[in-house]
Structures are given as structure tokens and as C-alpha cells.
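Let's take a friendly look at how aromatic rings pair up in this protein. Here are the sequence and the model.

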Amino acid sequence: MQKEEELLRKRLIELSKIAYHRNFITYTDFLNLNELNILHTLPKDTLYTPYRTFGGYASSERQIAAFLPDALCLRSEIEDLAYPMGIIHILPRSQKFSEQLSHRDYLGVLLSLGIERSKIGDIIVEEQGAFVFVSDKLLSYVCKEMTQIRRTQVIVCEESFSEFHYTQKYEKITGTVASVRLDTLLSLAFSSSRSRLSPLIEAGKVFVNGKLISSNGYNVKEDDVISVRGYGKFIYRKVISQTKKGRLLVEIHKLI
């Protein structure tokens with residue numbers, strides 16, 4: 001694992017170096033939470049350029065990093081980066097005879113087509129199908145080759161970003177906490193004790209905005225996205241009020 005992480009660090013630095021010297025944008029594949037954390041924690045003096053990350057929609061987990069040459073950073077086009085990804089929309093040919101398919105089902109078929117995990121972004125499972133973010137070079141291949149998931153015949157087509165509209169579903173949770181420490185918010189979000197959830201932080205399973213956090217007492221800020229491997233994701237929204245005993249009534253959105 002350490003060797004793989006070191007190779008990734010070298011690759012990220014090399015992409016930044018290429019962007020700087022050749023004056024064009026370089027991109028990574030889709031990075032998972034651990035890989036994004038490696039990027040976010042690289043010493044500033046090791047990178048040659050700034051970078052941006054994006055996974056296709058707000059609150060995406062797997063994201064592509066774009067390393068930006070100095071000339072581009074001064075221009076307004078920075079907001080319209082052409083990340084090398086596309087969207088495929090998967091629907092059953094017949095709703096009547098379709099199965100209830102899971103994230104694992106969709107991912108399994110994509111991997112069975114010989115596609116590397118790093119070429120696949122988030123998979124958004126909906127009641128009647130799914131949206132999948134993939135490397136733009138694989139769009140036509142996936143649309144042609146993916147015809148069946150388990151026993152369900154499917155139709156697969158490319159979805160344009162201009163037509164893609166997705167509103168993240170969430171459960172609004174409010175409750176009182178002693179402070180907006182990471183461990184107290186985990187306890188509220190997942191309805192469990194701090195003593196049971198704190199080991200997740202120590203085990204390296206908790207990320208805030210893609211950055212690995214190892215301190216139970218980390219102070220969370222408004223609109224921070226907290227991801228917990230094996231549990232899910234939530235967004236800390238705000239402090240609503242303070243009780244007479246000094247506890248904070250807070251609001252979080254647990255993504256579903």
C-alpha cells in the first residue's frame with residue numbers, strides 16, 4: 001500500500017510539472033477518497049501548479065483533479081474546465097420485468113467489461129435506473145457493450161451535462177451537541193455513541209471534504225462534507241440555536 005501511495009504522489013507531482021512546463025491542463029483519472037487525501041496533503045512546495053477537483057456534480061465522492069498552468073489561472077475560463085468524463089444513463093428495457101439493482105450490480109458489470117476502477121466515477125442509483133460517470137474515452141464502448149445487468153436487459157445511452165439534473169436526496173437531522181467537533185457530529189448523524197464511532201476516525205475511515213481527518217476533536221465548519229467509509233456521508237449545515245445549558249442545536253443533512 002505504501003508503495004502504491006508513493007507512486008501516486010510521484011504521478012500527481014509529474015502531472016503538475018507537465019502542466020507548468022508545457023502550459024496546458026493535465027488531468028488525473030478518478031481519484032477515490034484516499035487518493036484525494038494524498039493530493040490534498042501534498043506539501044505545497046512539491047506541486048508546480050494549483051489544481052481543482054470535480055466529479056461531475058456537487059458532493060461527488062470520486063473526483064478528477066485538473067492541474068492548471070499559471071496562464072489559465074488568470075482567466076475566467078477556469079470555471080469551464082473540460083474534465084475528461086462523461087455520463088451514461090442506464091435504464092431497464094422493461095420496467096415490468098426489471099430487478100431492483102444495486103450499486104454493486106452496476107459496478108460489477110462495468111468491471112466485467114474490463115474497465116479499470118479508476119476510469120469510473122460515482123454511480124448514482126435511482127429507482128428506475130442509474131447514472132454513471134466514466135472516462136470520456138469509454139462512453140461509446142460502454143453504451144455498446146452493456147446490455148444486461150443480472151437478469152435485467154438494459155438500455156444504455158450517453159447523457160449530456162447540460163441535460164443532467166440531479167438533486168441529492170437527504171434526510172434532515174437536528175439535535176443538540178456539546179460542540180461541533182467531528183466525533184459529536186458523527187454520533188448525531190449515525191445515531192450511535194461517540195465511543196463506538198471514534199475508532200472510525202482513528203482507523204482512517206473519516207474524511208472531511210476529501211481530506212483524511214485523524215483527530216476526534218476536529219472542528220467542523222458549515223457546509224463541510226463528511227464521508228465515513230462503510231457508513232455514508234452527511235453535510236454539516238449550521239448551528240440553529242443555543243440551549244440554556246449551552247448546548248448547540250445543529251442541523252445536518254444525511255445523504256441517502
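Tyr48 has a relative accessibility of 37%, so it counts as partly exposed (buried is under 20% relative accessible area, exposed over 50% and partly exposed in between, with a 1.4 Å probe and protein chains only). Tyr20, at 40%, is likewise partly exposed.

Counting ring pairs gives 12 aromatic pairs; rings of Phe, Tyr and Trp (its six-membered ring) pair if their centres lie within 6.5 Å, with planes under 30 degrees apart called stacked, over 60 edge-to-face and the rest tilted. Tyr20 and Tyr48 make a tilted pair, 5.9 Å centre to centre with 40° between the planes. Tyr20 sits in helix α1 (residues 2-22) and Tyr48 in the loop between α2 (33-40) and β2 (51-54), so this pair ties together parts 28 residues apart in sequence. Helices (H or I, at least four residues) and strands (E, at least two) are DSSP runs, numbered from the N terminus.

The ring centres of Tyr57 and Tyr166 are 5.6 Å apart and their planes stand at 90°, so the pair is edge-to-face. Tyr57 belongs to the loop between β2 and β3 (63-67) and Tyr166 to the loop between β8 (152-159) and β9 (170-177), so the pair joins parts 109 residues apart in sequence.

Tyr57 is buried at 12% relative accessibility, whereas Tyr166 is partly exposed at 23%.

## About the model

This is a predicted model, in which local features need pLDDT of at least 70 and side-chain atom pairs count only at pLDDT 80 or more, while totals for chains, interfaces and linings use all residues. Residues are numbered from 1 along each chain as its sequence is written, and side-chain values use heavy atoms, leaving out hydrogens and water.
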